[in-house]
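Subject: Structure handover

Hello,

Here is the structure for you to look at. Please open it first, then read my notes below.

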Amino acid sequence: MKITKLSFISILAVLAAIIILPSCGSDSEFDSSGEGRGGSMARFTFLKGYLYIVDETSLKTFDISNPENPSLLGTEEVGAGVETIFPYENYLFLGTQWGMKIYSVENGPTPNFLSDFEHSFSCDPVVVSNSIAYVTLRSGTTCQTGEDRMEVLDVSDLRNPRLLTTIDMQNPHGLSVSDTVLFVCEGDFGFKVFNIKDRANPELISHYDSIPSYDVITNYGRKELIITGKDGIFQYDYSNPYELKKLSQILSFQENE
């Protein structure tokens with residue numbers, strides 16, 4: 001499927017719809033507890049019926065029980081260089097240019113700081129699964145001195161994250177976990193799939209260098225991926241993670257010229 005003359009703004013609008021619309025369907029990634037799932041590069045997330053938004057230095061909490069009139073409950077100053085936010089159980093994981101920060105919302109909507117894990121200056125989203133955090137660090141426009149690698153952290157003790165291993169990467173961006181499979185976007189260098197049956201030691205099983213990718217969202221129920229990149233938005237079937245099957249695409253403006 002090829003749609004012509006889509007502008008970048010249109011792509012963002014479609015992506016937003018893809019992320020938001022599932023809240024109305026049976027395959028929703030927004031369940032009744034109010035959890036939601038966006039890409040790992042997102043600056044907002046839903047957890048326990050509340051909306052959390054990060055900007056460069058703060059974390060804002062919104063009550064969205066009345067969707068027509070969301071209200072700001074509070075703002076936490078979280079330090080400089082905040083880039084992404086990811087929900088996991090009763091916790092919020094913030095990716096920053098200086099490391100990973102963990103906040104608890106276990107006892108109410110107001111986030112309580114638990115810990116942080118520092119690394120060298122880099123751009124870095126984070127995802128978490130089964131008490132293991134996967135953090136990608138990359139060089140780039142705002143992170144010229146950054147390194148390109150993935151860090152694997154044990155976060156079973158949320159107040160004391162522990163580095164398990166590091167994996168060299170080319171220019172990693174967003175990532176996503178689905179059961180025992182880890183997907184990592186490598187920017188212009190493609191898209192990688194890791195086997196994480198041994199969660200502390202990801203094993204690379206596929207590298208698709210023809211898929212430039214910035215971020216990825218998994219739909220575990222349907223074994224489908226939504227991948228965004230400079231060429232547009234793509235949907236893949238990953239029933240066989242060793243061989244992704246493209247289902248559809250919306251090409252970017254440049255690709256439609």
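Two aromatic rings of Phe, Tyr or Trp count as a pair if their centres lie within 6.5 Å. Keep that in mind for the rings below. Note also that this is a predicted model.

**Aromatic rings**

Ring pairs link Phe183, Phe191 and Tyr238 into a cluster. How many aromatic pairs does the structure hold? There are five. One of them joins tyrosine 88 and phenylalanine 93. Their centres are 6.3 Å apart, and their planes make an angle of 70°. That makes the pair edge-to-face, because planes over 60 degrees apart count as such. Both tyrosine 88 and phenylalanine 93 are buried.

Tyrosine 103 and phenylalanine 113 form another edge-to-face pair. Here the centres lie 5.5 Å apart, again with 70° between the planes. This pair links distant parts of the chain. Tyrosine 103 belongs to strand E7 (residues 99–104), and phenylalanine 113 belongs to strand E8 (residues 112–118). The two residues are ten apart. Is tyrosine 103 buried or exposed? Tyrosine 103 has a relative accessible area of 5%, so it is buried. Phenylalanine 113 has 44%, so it counts as partly exposed.

**Positive phi**

A general point comes first. Most residues other than glycine have a negative phi.

Now look at serine 131. Its phi is positive, about 65°, although it is not a glycine. Where is serine 131 found? It sits in the loop between strand E9 (126–129) and strand E10 (132–137). Its relative accessible area is 27%, so serine 131 is partly exposed.

Lysine 223 also has a positive phi, near 55°. Its place is the loop between strand E17 (215–219) and strand E18 (224–229). Lysine 223 counts as partly exposed, because its relative accessibility is 28%.

**A sheet of four strands**

Strands of a sheet pair through backbone hydrogen bonds, either parallel or antiparallel. Which order do the four strands of the open sheet have? The order is E1-E2-E3-E4, and the pairing is antiparallel. Strand E1 (44–47) and strand E4 (71–77) are the edge strands. Each of these two pairs on one side only. On average, neighbouring strands of this sheet are turned by 20° against each other, direction ignored.

Look at one pairing more closely. E1 and strand E2 (residues 50–54) are joined by four bridges in the antiparallel sense. Threonine 45 stands opposite tyrosine 52 in E2.

Best wishes

Key: Residues are numbered from 1 along each chain as its sequence is written. This is a predicted model: local features need pLDDT of at least 70, side-chain atom pairs count only at pLDDT 80 or more; totals for chains, interfaces and linings use all residues. Side-chain values use heavy atoms; hydrogens and water are left out. Buried means under 20% relative accessible area, exposed over 50%, partly exposed in between (1.4 Å probe, protein chains only). Rings of Phe, Tyr and Trp (its six-membered ring) pair if their centres lie within 6.5 Å; planes under 30 degrees apart count as stacked, over 60 as edge-to-face and the rest as tilted. Two strands pair if DSSP finds at least two bridges between them. Axes are lines fitted to C-alpha atoms, for helices over the stretch in contact, and angles run from 0 to 180 degrees between N-to-C directions.
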